[in-house]
Amino acid sequence: MGALNGAEPGSATIGGVLAANVCGPRRIKTGSARDHVLGIKAVSGRGEAFKSGGRVVKNVTGYDLSKGLAGSWGTLAVATDITFKVLPRSETVETIMLRGLSDAEAAQVMCMSMGSSWEVSSAAHLPRAAAERIPVSLISGADSAVTILRLEGFGPSVAYRGDRLVDDLKQFGTVDRLDDVLSTALWTAVRDVVPLHGDRPLWRVSVAPSDGPAVVAALEELDMRYFYDWSGGLIWIETGEAEDAGAGPIRAAVQSVGGHATLMRGPAALRTAIPPFQPQPPALAALSRRLKENFDPKGILNPGRMVAGV
């Protein structure tokens, strides 16, 4: 996620990955960082060292604090040792691409493909303005929106599943296929949110995949660029320099469908003026506050990082 703020490639830390619960386009298939952490050693704001989990998948060591710290943005404890479960890299990667679909058509294609038997591991939709900024000529030169679907695995399996998926998608228009090299470059750019690199405010919006187009339609008055990941369930939205960076209409649109919006990039003054994270219901906010008080009673770990005054 550091690339969103201009950090050098490779500057991320494994502790930061867990603290932010980082995940890329493969999230809907393989999960996020919290789904792969097996154990952790950490130091709380009380100065107390503790551990949770272990070094193997099967372990029973009490409360699963490892997953509890995932996504806490360093507000509960400082991790000193983390054990992750890892997966082998796929032998072959292929991308199926369709051009010119509307947001609603793309959502239909992505959900249908993810629900098929062909084991699609990632699905994203790039409107024309976003596609033009992808450093892959077949995408940037498409002169239209593109909808992309990733297949991974052993070569013969990927080839067979690709053929079947193309047969299913012919009804939606011309289908292109990207090889391993182009696919890797494409999905790296999607993971790193390359189409929205810059210094304008950036929102990470999470909703049900079927609700994504309606959320974007409700924001058509905003000065924004956007694209969809996670089969439409994740919307990256870059807004203009409005006073609240579009927080009012974005959160209203998201709340109407039961999702949440997080301000991932913005100047310090903006992050002070509006809550970066989706405001919690009173009961959940009280629970979060008690958790913070138990781990960090003096508020020395990233105070105010997630919630003002906590």
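Contact denotes heavy atoms within 4.5 Å, and helices (H or I, at least four residues) and strands (E, at least two) are DSSP runs numbered from the N terminus. The model is predicted: local features need pLDDT of at least 70, side-chain atom pairs count only at pLDDT 80 or more, and totals for chains, interfaces and linings use all residues. Residues are numbered from 1 along each chain as its sequence is written, and side-chain values use heavy atoms, with hydrogens and water left out.

Helix H4 (residues 103-114) comprises 12 residues, which at 1.5 Å a residue should span 16 Å; the end C-alpha atoms of H4 are 16 Å apart, in agreement. The expected span is 1.5 Å times one less than the number of residues. Asp103, Ala106, Ala107, Val109, Met110 and Ser113 are the buried residues of H4, buried meaning under 20% relative accessible area (1.4 Å probe, protein chains only). These residues cover an arc of only 165 degrees around the axis, which puts them on the same side of H4; the arc is that of the directions from the helix axis to the C-beta atoms. The cover over the buried residues of H4 includes E4, E5, E6, helix H7 (155-169), helix H9 (212-217) and E9.

In H8, the buried residues are Ser183, Leu186, Trp187, Ala189 and Val190. Viewed down the axis of H8, they fall within an arc of 155 degrees and so line one face of the helix. Their cover includes strand E4 (92-99), strand E5 (120-126), helix H6 (137-140) and strand E9 (224-229).

Key. Buried < 20%, exposed > 50% of the residue type's maximum accessible area, 1.4 Å probe, protein only.
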